[in-house]
2 protein chains.
Amino acid sequence: MSEKLHQLKEILGEVSDLQHAQSVLDWDQNVNMPPGGSEARGQQLATLGKIAHEKSTSDEVGKLIADLKNEFPDADTDEGALIRVAARDYDKATRVPAKFVARQAIATSKAFEAWIEAKSKSDFSIFRPHLEQVVELVQEYISFFPPADHPYDTLLNDYEPGMKTAEVQEIFNALRPKQVKLIKAIKSARQVKDNFLLKKYNEKKVWDFGEAVITKFGYDWTRGRQDKAPHPFQTTFSVDDTRITNRFEDGNPLATLFSAMHESGHAMYEQGSNPAYERTPLAGGTSLAVHESQSRMWENLVGRSLPFWEHFFPALKKTFPAQLDGVSVKSFYKAINKVESSFIRVNADEATYNLHVMLRLELEIGMVEGKFAVKDLPEIWNEKMNDYLGIIPPNDAQGVLQDVHWSSGLMGYFSTYALGNLVSAQLWEKINKDIVDLDDQIRKGKFDALLSWLRGKIHVHGRKYDPQDLVQKVTGSKIDSAAYVRYLTNKFSAIYGL
Amino acid sequence: MSEKLHQLKEILGEVSDLQHAQSVLDWDQNVNMPPGGSEARGQQLATLGKIAHEKSTSDEVGKLIADLKNEFPDADTDEGALIRVAARDYDKATRVPAKFVARQAIATSKAFEAWIEAKSKSDFSIFRPHLEQVVELVQEYISFFPPADHPYDTLLNDYEPGMKTAEVQEIFNALRPKQVKLIKAIKSARQVKDNFLLKKYNEKKVWDFGEAVITKFGYDWTRGRQDKAPHPFQTTFSVDDTRITNRFEDGNPLATLFSAMHESGHAMYEQGSNPAYERTPLAGGTSLAVHESQSRMWENLVGRSLPFWEHFFPALKKTFPAQLDGVSVKSFYKAINKVESSFIRVNADEATYNLHVMLRLELEIGMVEGKFAVKDLPEIWNEKMNDYLGIIPPNDAQGVLQDVHWSSGLMGYFSTYALGNLVSAQLWEKINKDIVDLDDQIRKGKFDALLSWLRGKIHVHGRKYDPQDLVQKVTGSKIDSAAYVRYLTNKFSAIYGL
């Protein structure tokens, strides 16, 4: 190996170790940490972050990357891809001054506190001055980067490398009217019954059922585990230690099942990353949207499908005989796919979810462009909710204040949730061409061909290919809404007899 | 604050954060980590250790310490103590070359593997060449330090700052014949019955009982937690997050109770360290012996005392009515204090424990001096076991191969276990003078006066005073065996009617 490449890998390997140590500390904070531990933990995380930042932005790293770009110009090789991704990470990390990062950390820490209070009191005026400052900081952040076609491109690029605002808008513009139309049609159809989903279910039995399902999926427990946390999430300490968390809510007992499937989708993506990429910038998943395509595929295209429940429903019924007494697999399938316009994004069903995301994207773009003033957000929010979903939130806690993202300075993130749905359907069409009896396999509880397809086509590549390039390479087209529209229309036409 | 002191504290604060991050990763490895995670975890720990070492041994730190020694010459002030301890840590860390540390890490890693195999096969010849190399490395390590009164002083100093080999030998020489004599007397007395301790006890009930006990002690659960691990240990992530682990063994079910008390003693010491010392070298416990004095006090002087069980036995009997049917508190008290010469140190009772330690100390000193050849250790071990305890191990697995310490390169460590016992009794005599009704308080399940005494006299000082100075300051004399001999003699004379 080139001596310089070796040097670069040494430094970036240490950066990776520091970042994974941060992930362990963060996981522990969510899963185990006693309340007293939080202040010191914040300090420890800040120190690890500071050292990782110093190491990854040193002049030495910059010089090595510059030299290696000439030595490995072909981005189709692993070495070339590594240099390309490392150069992009380096460029991003060095453009933003440390002083700005410190100012932003203080402002968002206060904004987060204010958001907590504002949400609990459903009072937007408490959050408003903080959000105004966050928007100013976001605009300042954008100013550190070269002008793009649209200022929002810079934000998007942090989560979907190479993706343009105009592309996302075009995709969403094609999708929006079709989803709105579908929801209207569903509203006029005969509604499905789901009262049996809201009965009391034993937490441990639900938890264990979820683990049995994701074991069948192929989640590797020798390289992972599931723990209880306030929110479900997936985290990676190495390709051989990728963990998931979950929760149980009495009011929504079977959500735990679908969260387990969702998070295992993220985790299996990380478990399938090429081991040769470990401790390099190529390890992990290529973007949030592609990550979400994996989690949503296992949760929805697999886990909310009829073949899946034709296999698993007898076992579920045996586990919960009283709750599911007299319920057929078809009624159960319809119930878990019930469509209903609702206020809260995280609880939204497949047919309405993307509209929640589009609304947020439009607001973010409007704020970044200066077209929408922060003070007007609650009103704009409610108008769009009415346009897209036909409902108006009764208060701001269930409206504009519901998500944590903006209080943490996260803008540019939301659209990846919807893009992930689209990619999942694009992949699904391709997979069904390659594995013609996939439905039958799922009906038998067999997922090995599916997982091995995903491993070979998506997971193993880590961050080697940018999301648009990867989707193009695998499906023959870039990210596009057509497959998702076909999927939604077929599925819900059958369920609602449209 | 002096600008230089501020700079030094900044750097050492980051070193402390890195070390605590290591502790979190290490705890996770013992408590949670799936098997696949170990390789990457080793790498992450190595990187954190390397960066902490680089930061703490930089020329900048050396220069700051040198300047600050003049600025804060009075070691009785917190600032002066901080500089004194930081200077000692710095001196130690900079004397040992990084290359030696790397060589030692490789050798001990191999020695550890060999020890595992040797122990499982009870074949000393497998471990012998590795131990020979460990002894050479230990001698090389000593050579990096200025000559001391005895070469073993350098090793001892790593665990008991300021303690001399001659002092330990003098203490142990006074103690040994008295303990040997006591054990002989016990052997000729009527033996106590403990068959009810060996029945089947429910794991969760034992675990919960242990937690109820240490809650009464004053272990602060908002700043700690107890988890299951292969071995009981205590670890500190900050003064506000000090955790303990425990295990359950069917063959020795109530050991879990005493381990909880023991580890909570360590943890309460760490929880009581002055919060102003956080992220400085003064945080934590001053030495292994003083640490052990806290754990052994709660486990033995409190937890194996008659007043303690006069309070807790009714509850224990209610929890385990079948197992303890017909057992009186006195019989229970005698059973948990049963004295028996046995081969394994970690299972030894209070009356025999120190002799196991003395034997190891003599072997270590002999190896360092070159007086004992590694090849002769099994024979020397067995001779001394016969002299001190009147028994000879049936094989080396239950003899010279039983402890992990030497395979990890740890020499100089063992004596702290026995010194901790001695200190616990010295403190106990003083505490009973200051809290005259302590036994009555314990009989009522009240431990607040005891904990608050320990907090104020021991815990709050962190590493400010060296162990001998601290014991002198609190009890009026240095570490000494007289109090422990009085304690053992009184206790076991009563139990065995001597």
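Trainee: What joins E2(A) to E3(A)?

Mentor: A hairpin does, through 2 residues. Strands here are DSSP runs of E, at least two residues, and helices are runs of H or I, at least four, numbered from the N terminus. Before we go on: this is a predicted model, where local features need pLDDT of at least 70, side-chain atom pairs count only at pLDDT 80 or more, and totals for chains, interfaces and linings use all residues. Residues are numbered from 1 along each chain as its sequence is written, and chains are lettered from A and ligands numbered from 1 in the order in which they are written.

Trainee: How many bridges join E2(A) to E3, and which way do they run?

Mentor: There are 4 bridges, and the strands run antiparallel. E3 of chain A covers residues 241–246. One pair to look at is A:Thr236 with its bridge partner in E3(A), A:Thr242. Two strands count as paired if DSSP finds at least two bridges between them.

Trainee: What is the strand order in the sheet?

Mentor: E1-E3-E2 in chain A, an open sheet of 3 strands with mixed pairing. E1 (226–228) and E2 (234–238) of chain A each have a single partner strand, so they stand at the edges and one side of each lacks a neighbour in the sheet. Neighbouring strands are turned by 30 degrees against each other on average, direction ignored.

Trainee: Which helix packs on the sheet?

Mentor: H10 of chain A, residues 255–271. H10 touches E1, E2 and E3 of chain A, and its direction makes about 165 degrees with that of E3(A). Axes are lines fitted to C-alpha atoms, for helices over the stretch in contact, and angles run from 0 to 180 degrees between N-to-C directions. Contact means C-beta atoms, placed from the backbone, within 7 Å.

Trainee: Is E2(A) mostly covered or mostly exposed?

Mentor: Mostly covered: 5 of its 5 residues are buried. Buried means 20 or more other C-beta atoms within 10 Å of the residue's own, exposed means 12 or fewer, and partly exposed is in between, with C-beta atoms placed from the backbone.

Trainee: New topic. How many residues of chain A are in contact with chain B?

Mentor: 30 residues of chain A, against 31 residues of chain B. On the chain A side, H1 (3–31), H2 (38–56) and E2 each give two or more residues. H1(A) gives the most, with 8 residues. By class, that side has 12 nonpolar, 10 polar and 8 charged residues. Nonpolar is Ala, Val, Leu, Ile, Met, Phe, Trp, Tyr, Cys and Pro; charged is Asp, Glu, Lys and Arg; the others, Gly among them, are polar.

Trainee: And the domains of chain A, what are the bounds?

Mentor: Domain 1 is 3–147 and domain 2 is 148–498. Such bounds come from an automatic or database domain assignment. The domain centres, taken over C-alpha atoms, are 26 Å apart. In contact are 39 residues of domain 1 and 36 residues of domain 2 of chain A. H1, H4, H5 (98–121) and H6 (124–143) of chain A each supply at least two residues on the domain 1 side. By class, that side has 22 nonpolar, 9 polar and 8 charged residues.

Trainee: At what angle do H3(A) and H4(A) pack?

Mentor: About 145 degrees, with axes 10 Å apart. H3 is residues 59–71 and H4 is residues 78–95 of chain A. Their contact includes A:Ile65 and A:Leu68 of H3(A), and A:Ala86 and A:Tyr90 of H4(A). By class, the contact has 7 nonpolar, 2 polar and 1 charged residues.

Note on methods. Contact = placed C-beta atoms within 7 Å.
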